[in-house]
Amino acid sequence: MTSVPAIQVEGLRKSFGKVVALDGLDLVGAEGRVLALLGPNGAGKTTLVRALATLLRPDAGRAVVLGHDVVADPLGVRREIGLAGQFAAVDEVMTGRENLIMVGRLYHLGRVESQRRAGEVLERFGLSDAADRRAGTYSGGMRRRLDLAATLVGRPRLIFLDEPTTGLDPRSRAQLWEMVEQLRDEGTSILLTTQYMDEADQLAQQIAVIDGGRIVAEGTASTLKERVGRSRLLVRLAERDRTEEARAALGALDGDGPPEILAPGELSLAMSADDLPARAVRALDRINAGIVGIEVRTPTLEEVFFALTGRRTDGERRTEEAA
Amino acid sequence: MTRVSPREALSDALVMAQRELGATLRKPALLVVSIVQPVMLLLIFRYVFGGAIRTPNGSYANYLLPAILVLTGIFGSLMTGIGISEDLAKGVVDRLRSLPMARAAPLVGRTLSDLVRNAVSLVVMLGVGYLVGFRPNQSIDRFLAAMALVLAFAYVFSWISATIGLLARDPETAQSLGFIWVFPLTFASSAFVPTHSMPAAIQAFAQVNPMTLSVDAVRALTVGGHATTPLLGSLAWFAALLLVFVPLAVSRYRALE
């Protein structure tokens, strides 16, 4: 069983009129892990999720979910998955509990088991107190939680979360992250799409960067960061006029390339070994350089994304606008 | 290939019907809206135009009410398409389509729940009809057959409405598209006035119009007249329309992306 990947996609294509949404996309996601599809709006994230969840038919290529082909055996796929789309698909006139019981019954759990299961997931998502209120009275964050709860009612082996935190306030976002982390730690396979680097970084064990309907890079957060460049050691000195002396001292160490002066009193050196910071501190101390700051900086996923696609992410734009 | 068993499919349709009925009970405004329009038409025709309209044998109330009952079914069936397009717009349909349920269940469930809602509207309309002078004078069997025919008419048109809702995809478009076919169907028929005063072309249309046939059959079954021909004509229309629109709606639903 464990040898079947959760997701196996080969050369998947889908166009809407002249717009190419998926352009021969290849992707494999292991079972029991969180895979984040990271990309800007219009990159093809949602189209891929919809194809995998059997909501749309690919034009070409193959997509297999937990061993079931999405075109040949869509029902087989639907029995194993839970989908939370971009809009919280809850029925506003029904209570939270009724929403979940309905979903349970449509998974064919039976009346009694559906009720039991609804109570269980409501409890888990902190919705027990609101369970018998109409979902229309819920806050945005509660709706997303109810939506996520609905994906779990049928005990699916794979959950799709399409931009689960878009539009949520920071507190609701943190709550939702916590819940996804819990699921991840229990070994549920999750495919989530996001345009936020920090979300992928925080939640996913595997990240696939998608752009123009293809996967342009894939790996863990740290391997992706490494692809863009080495980590660098940054040193800040109390006195600016010691910069040249400090450069000479750092140059004597076996850094990966010569030290760089970023600004008067600020230097950087590409990391070559884990003990480089310790040796740098000792060398600078010997000349009494007066270190006031030292850090090892790894490239952010933002920088990775920019390097891979030549475009900035909406997440970065958002923080720039805020600043 | 995995399939949904017939028992599961039936259960799915009933769960969906239950959902719609629950929603109707909690938003009774919808039920009221679908009754208000036929009531207004009833009052306008009974009291504004009615005095000027000459109908064969008997009161205009007895001529008019069978048409109003069928019309109530049509207005009720319009809600089917509007409801489906609302679900589409809200993303509910995506959730449903990702569940391992029978694919036709949401449509079957909704048309069934609309049938129940139409039955309630029908009872209300019969009450209003009685107040304005409608007096059925045939046997109880014939009366019940007439009511069954009205509900069958409404059920068939629910499927047409469902198809329109699936094509329109948003509630506003579904509503306006819905009314486009309601007007010619209703007015170019024997519903409000006898067809013999209409120009030849319209008369030809009116005489084969399912609205005319069903209204004539309901009239015959409630207040007297020859029922067999319009009844058989109605049933032929229902069969033909279901044969076209059930597969069309289901395939449109399956083909949603």
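This is a predicted model: local features need pLDDT of at least 70, side-chain atom pairs count only at pLDDT 80 or more; totals for chains, interfaces and linings use all residues.

Modeller: Residues are numbered from 1 along each chain as its sequence is written, chains are lettered from A and ligands numbered from 1 in the order written, and side-chain values use heavy atoms, without hydrogens and water.

Colleague: Why is I44(B) called partly exposed?
Modeller: I44(B) has a relative accessible area of 34%; buried means under 20% and exposed over 50%, with a 1.4 Å probe and protein chains only, so partly exposed is what lies in between.

Colleague: Where is I44(B)?
Modeller: In helix α2 (residues 28-49) of chain B; helices here are DSSP runs of H or I, at least four residues, and strands are runs of E, at least two.

Colleague: What makes β6 and β10 of chain A edge strands?
Modeller: The open sheet runs β6-β7-β8-β3-β9-β10 (chain A). Pairing takes at least two DSSP bridges between two strands, and β6 (81-84) and β10 (214-219) of chain A each pair on one side only.

Colleague: How do you know that β7 and β8 of chain A pair?
Modeller: Five bridges join β7(A) (residues 158-162) to β8(A) (residues 189-194), and the two run parallel. One bridge partner pair is F160(A) with L191(A).
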